[in-house]
Amino acid sequence: WDKAQNAPDKAATIEQMEREIQKYGIDSWKWYCHTDPGFSGGGFQCDDDNAQWFLEESKKRGIKLLSVHKGYSYQSRTLGHLANPKDLEKCALRNPDINIVCYHSAIQHGANEPNWKEQNNYDPTTGDFAWHNILMDIKKRNPQINNIHPEVGSFFNTLVIADPIMAMHGMGKNIKVYGADHVIWGTDCLWWGSPGWAIDAFKRFQISDEICEKFGYAKITKADKAKIFGENAARLYKIDLKAKRNALPADGLEK
């Protein structure tokens with residue numbers, strides 16, 4: 001960041017971008033709009049002009065996958081508002097050739113906080129809660145948007161323990177609004193330890209008949225879960241699952 005010009009040091013940014021691509025072979029950028037690394041002084045949003053410049057340079061180099069932290073705004077007390085997913089609307093419309101993975105499905109406050117339901121403005125009569133409802137409204141306003149993908153790390157696995165009904169609403173809306181082929185699995189196991197329990201929980205998870213009937217959600221099928229567990233992410237990252245499975249070594253346990 002050029003502090004004198006209060007603008008990106010574009011030459012240095014491109015140099016670092018190319019280093020990441022060539023040295024590490026990255027497939028996606030991860031953005032934390034609400035954090036302040038001490039350079040820009042105020043975070044950024046995905047629809048900023050500087051962000052768009054970065055995306056254009058990224059596209060030139062073949063990187064067309066953007067992973068964005070949204071929600072959990074308490075991680076930045078001063079810039080938490082920038083974790084609101086509202087900026088994804090313009091970004092997605094301006095960049096239909098870039099896939100945007102919205103981490104945490106934009107839930108504003110985690111279940112580890114006091115009064116988290118009240119802070120999230122959870123309405124059991126509609127199943128809406130902040131900022132997940134903003135993410136849902138983007139797609140409802142723009143049904144043509146096909147490049148936003150809600151990710152469920154620290155979304156499903158915390159909700160399913162803290163409030164299973166709220167988890168039904170969260171997953172039900174993700175699938176109803178964006179489609180089962182756009183929901184991306186995640187666990188944030190860096191924070192929660194081994195993800196095995198969360199995987200088992202989602203294998204067994206289902207939306208109740210009552211909630212489905214009342215709110216118009218569909219039952220989550222085995223095919224839906226296969227997409228969410230890995231097929232969707234494999235498509236975004238261009239991973240041939242069949243080839244990867246066939247490449248597994250014939251070790252002693254398999255024999």
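Four strands build an open sheet in the order S1-S2-S3-S4, with parallel pairing. Two strands count as paired if DSSP finds at least two bridges between them. The model is predicted: local features need pLDDT of at least 70, side-chain atom pairs count only at pLDDT 80 or more, and totals for chains, interfaces and linings use all residues. Residues are numbered from 1 along each chain as its sequence is written, and side-chain values use heavy atoms, with hydrogens and water left out. The model holds 12 salt bridges and 0 disulfides.

- Strand S1 (29-31) and strand S4 (148-150) stand at the edges. Each has a single partner strand, so one side of each lacks a neighbour in the sheet. Helices (H or I, at least four residues) and strands (E, at least two) are DSSP runs, numbered from the N terminus.
- From one strand to the next, the twist averages 25 degrees. Axes are lines fitted to C-alpha atoms, for helices over the stretch in contact; angles run from 0 to 180 degrees between N-to-C directions.
- Strand S2 (residues 65-69) and strand S3 (residues 99-103) run parallel and are joined by 5 bridges. In this pair, Leu 65 stands opposite Asn 99 in S3.
- Helix H2 (residues 49-60) packs on the sheet and touches S1 and S2. Contact here means heavy atoms within 4.5 Å. The direction of H2 makes about 170 degrees with that of S1.
- Strands of a sheet pair through backbone hydrogen bonds, either parallel or antiparallel.

**Salt bridges**

- The count of 12 rests on one rule: a side-chain nitrogen of Lys or Arg lies within 4 Å of a carboxyl oxygen of Asp or Glu.
- Arg 61 and Glu 57 form one of these salt bridges, at 2.8 Å from N to O. Arg 61 is partly exposed, at 25% relative accessible area, whereas Glu 57 is buried at 10%. Buried means under 20% relative accessible area, exposed over 50%, and partly exposed in between (1.4 Å probe, protein chains only).
- Both residues belong to a salt-bridge network that links Glu 18, Glu 57, Lys 60 and Arg 61.
- Asp 128 and Lys 173 meet in a salt bridge at 3.4 Å, N to O. Asp 128 lies in the loop between helix H4 (116-119) and helix H5 (132-141), and Lys 173 in helix H7 (residues 164-178), so the pair ties together parts that are 45 residues apart in sequence. Asp 128 is partly exposed at 29%; Lys 173 is buried at 10%.
- Arg 204 and Asp 200 are joined by a salt bridge at 4.0 Å, N to O. Both lie in helix H9 (residues 196-204), 4 residues apart, about one turn of the helix. Arg 204 is exposed at 66% relative accessibility, while Asp 200 is partly exposed at 36%.

**Cysteines**

- The disulfide count is 0; the cut-off is a pair of cysteine sulfur atoms within 2.5 Å.
- For Cys 33, the closest cysteine sulfur is that of Cys 46, 3.8 Å away and too far for a bond. Cys 33 is buried, at 0% relative accessibility.
- Cys 102 is in no disulfide either. The nearest cysteine sulfur to Cys 102 is that of Cys 46, at 8.9 Å. Cys 102 is buried, at 0% relative accessibility.
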